[in-house]
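Good morning, colleagues. Please look at the sequence and the model on the screen, and I shall take you through some helix packing and some salt bridges.

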Amino acid sequence: MWTVSMLKENAKAALKNFYWPAFLVSLIFILLTGTGSSSSGGGSSDEFINEYYNNYSNSSDSSYDYGDYSSDDDYDDYDDYDYSYDYDDDIDSSFSQDDYEQIFNDMFSGFGDMLGDTSVSAIISVAIAVVIIVMIVTLAYNIFFANPLTVGYNNFFLNARTGNAGVGELFSQFKHGHYMATVKNMFFLKLRLFLWSLLVLIPIGIGVLIFAKSDSRDIMGSLVLSILIVVPLYFVALIPQIIKKYEYFLVPYITAENPNITPNRALEISSKTMKGEKMHCFGLQMSFIGWLILGGLAGSIFTAFLGVLLGSAATAAGMALIYPYLYATLAEFYCCMKEKAIATGISSRDELDGLYGRAANAQPFGQPMGYSDHQGYEPYQPTAPSQPADNRLFGESKRDDNDDNYNGPEIK
């Protein structure tokens, strides 16, 4: 049985002698993957107004002699002027369907003429080619570098628990002949999440269909209707993707411990183990939301005063200070889920204690190496699979209906 406070205390114990190496590893990870760093910048409207005023005041027209119009008699001629104007005589405020069709025809005709221009067409072709190349390079970078780096990052915090973590653990998946196996596991994970994300195309397609079938005389009303229908459906379509993200949450950790495991097996272990744990994992992550907001806010402040480049560096450094605590806690969560998988027969120690499976071998059970006095540490106390269900280690208050050997976490 675990609690959020217990996992955090265990993470602090594991980081006691590894915080600054963890900070360095986190900083390298953020810089190489772009995770957690963001910046924003923009000009001030006051600067534009001041610049306009200064330019105007220094121009030759800025001084004007109003003396010729100083007499009140000069304005007498305007008193008899009729300022009223009947717009109905000259302007018809309504457009017919033919008018709208003509507008669209003219617009697309102009666009076609632009494409007919050889130089413009060449520029558009080059721009499209550049976009495609950037997308391919980004995709290849994520598949062959960023994903294995993510597994290595998780591996660092697993091994930090046993006092056997070094900065080189970040690149552990590029060594020992397990690189392609790691790439394959993470590729299938990302592919499944991507396929689930395609559900958002359904509400977008519905919105386009509504807009296309709408009355051309009420374009604004059709647009508003499309937005009112699409936006709620879009957020509904995001829910399956989020659920699957937490269902496969353990895959990078499983791959870190056993890089040779097959993709389907890693997904299966994670899916079965995370049954009933998704909201617990979400709650654990949300307990860090204050720290993450603080890091992002600090980066925004630095960006405002130091510029985009230095602000981005400051944001990355701020996140690197927070990430060790966050990911060390998530590593503790994985170890709990690992014990659940083993206790319930989902997996075995032979499968999860592979080449890198040193995370749960410290004694006493689950305790980070170097803390034999138990100070600041609470063991997980796994259930015994052979123990009768009516005489369990944890009592009946947190019993899960789906298994007889694991009592489930208690979230405080």
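This is a predicted model: local features need pLDDT of at least 70, side-chain atom pairs count only at pLDDT 80 or more; totals for chains, interfaces and linings use all residues.

Residues are numbered from 1 along each chain as its sequence is written, and side-chain values use heavy atoms, with hydrogens and water left out.

Helices here are DSSP runs of H or I with at least four residues, numbered from the N terminus, and strands are runs of E with at least two. Axes are lines fitted to C-alpha atoms, for helices over the stretch in contact, and angles run from 0 to 180 degrees between N-to-C directions.

Contact, defined as heavy atoms within 4.5 Å, involves residues including Trp-20, Phe-23 and Leu-27 of helix 2 and Met-319, Leu-321 and Tyr-323 of helix 13. By class, this contact has 14 nonpolar residues, 1 polar and no charged ones. Ala, Val, Leu, Ile, Met, Phe, Trp, Tyr, Cys and Pro count as nonpolar, Asp, Glu, Lys and Arg as charged, and the others, Gly among them, as polar.

Helix 13 (residues 308–343) also packs with helix 11 (residues 278–286), at an angle of about 160° and with the axes 11 Å apart. That angle makes helix 11 roughly antiparallel to helix 13. The crossing of helix 11 and helix 13 is right-handed as well. Cys-281, Leu-284 and Gln-285 of helix 11 meet Thr-329, Leu-330 and Phe-333 of helix 13. This contact of helix 11 with helix 13 comprises 4 nonpolar, 2 polar and no charged residues.

I turn now to charged pairs. How many salt bridges does the structure hold? There are 9, each a side-chain nitrogen of Lys or Arg within 4 Å of a carboxyl oxygen of Asp or Glu.

One of them joins Glu-257 and Lys-338, at 3.0 Å from N to O. Glu-257 lies in helix 9 (residues 251–257) and Lys-338 in helix 13, so the pair ties together parts 81 residues apart in sequence. Both Glu-257 and Lys-338 are buried, where buried means under 20% relative accessible area, exposed over 50%, and partly exposed in between (1.4 Å probe, protein chains only).

Within helix 8 (residues 219–247), Glu-247 and Lys-244 are 3 residues apart, about one helical turn. Their side chains meet in a salt bridge of 3.1 Å, N to O. Glu-247 is buried at 11% relative accessibility, and Lys-244 is buried at 16%.

In helix 10 (residues 263–273), Glu-268 and Lys-272 stand 4 residues apart, about one turn of the helix. They form a salt bridge whose closest N and O atoms are 2.9 Å apart. Glu-268 is partly exposed at 31% relative accessibility, and Lys-272 is partly exposed at 45%. Salt bridges that share partners join Arg-265, Glu-268, Lys-272 and Glu-351 into one network.

Note on methods:
Angles under 35 degrees count as roughly parallel, over 145 as roughly antiparallel, 65 to 115 as roughly perpendicular and the rest as oblique. A crossing is left-handed if the near helix is turned anticlockwise from the far one by less than a right angle, and right-handed if clockwise.
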